[in-house]
Amino acid sequence: MQPRNMSMSGVVDLAAVKAAGEAKAKAEQTRAEAARQGGTAAVPPSALVIDVDEAGFERDVLQRSAEVPVVLDFWAEWCEPCKQLGPLLERLAVEYDGRFLLAKIDVDANQMLMQQFGIQGIPAVFAVVAGQALPLFQGAVPEAQIRETLDQLIQIGEERFGLTGIVVDAGAEGAEGGAPAQPVGPYDALLEAAMSALDAGDLAGAVQAYKNVLADDPAHPEAKLGLAQAELLTRVQDLDPTAVRKAAADAPADVAAQIAAADLDLVGGHVQDAFGRLVETVRRTVGEDRDAARLRLLELFEVIGSDDPRVTAARQALARVLF
């Protein structure tokens, strides 16, 4: 049985959690400043709309979906509704200021992609977020409905996957997206209390302290990282490592056993082993089992932080097995 005062020092210590949170906040500030100044980090609005074919799909869509939601517009030259929807989506891509990337796919030239997405008619619009394909809508729907759908997509990308989007030149006409709101703190006392509780093995106290911050500022990066860490420790505190690892080895198809073993891998500092175990579990499973493994993997990404290269690599591996 794991001791109640166990540490995460083998994975990401408390100082690293704070540093990661500060780095993420700084990155957001840099993004906003670059967008305002039109600096070298920014891309022109034309880069927000790309043509994609089968050969470049993994590079241009799957890999890019680890940093920004990618909206797929399946169209054809002969499709009259496509001629209405396409320009609208292109305008919104610029207006949303890099919060999503629009990938246009000509179905006549990319029949395999059309079949893989099960498209029966066009225009058809999908999204890919962290490698996961989501159907959005079909046909030339009203602009208000499209905006609502895009807002929900962007919120999911930011809250569940930590996707911050693309930096765009500040002079883009009609740009409204802007950078996410910065923490409204300060929350130094609450964050210090949470870290002290973690050091003392008071996991419930740490969880509550982080939740108190997030109740006021749901996007606070340090609190999100800290909560993910505290919840992981809570899950493993009463596990028998020997029994869990034996169960996982004896039953590779037991999703619950693999998830528990991945938690222990991460606590033990074996980050890539944890990620690899769950990616492989996602590859082997379907339905609710696959979703359970995928969601736990995303939770473990939160523990390490979206800027960690091991998370980036695992997101790409997840994208490959999902397709």
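This is a predicted model: local features need pLDDT of at least 70, side-chain atom pairs count only at pLDDT 80 or more; totals for chains, interfaces and linings use all residues.
**Ground rules.** I number residues from 1 along each chain as its sequence is written.

**Sheet.** I looked up the strand order and got β1-β3-β2-β4-β5, an open sheet of 5 strands with mixed pairing. Strands are DSSP runs of E, at least two residues, and helices are runs of H or I, at least four, numbered from the N terminus; two strands pair if DSSP finds at least two bridges between them. β1 (49–51) and β5 (132–138) each have a single partner strand, so one side of each has no neighbour in the sheet. The twist averages 25° from one strand to the next.

**β2 and β4.** I found 5 bridges between β2 (70–75) and β4 (124–129), which run antiparallel. Phe 74 has Ala 124 of β4 as its bridge partner.

**α5.** This helix (143–161) lies across β2, β4 and β5, at about 165° to β5. Contact means heavy atoms within 4.5 Å; axes are lines fitted to C-alpha atoms, for helices over the stretch in contact, with angles from 0 to 180 degrees between N-to-C directions.

**α6.** Which residues of α6 are buried? I get Leu 191, Ala 194, Met 195, Ala 197 and Leu 198 (buried is under 20% relative accessible area, exposed over 50%, partly exposed in between, 1.4 Å probe, protein chains only). They fall within an arc of 155° down the axis, so they line one face of α6 (the arc uses directions from the helix axis to the C-beta atoms). Gly 201 follows α6, with a positive phi near 80°.

Conventions:
Side-chain values use heavy atoms; hydrogens and water are left out.
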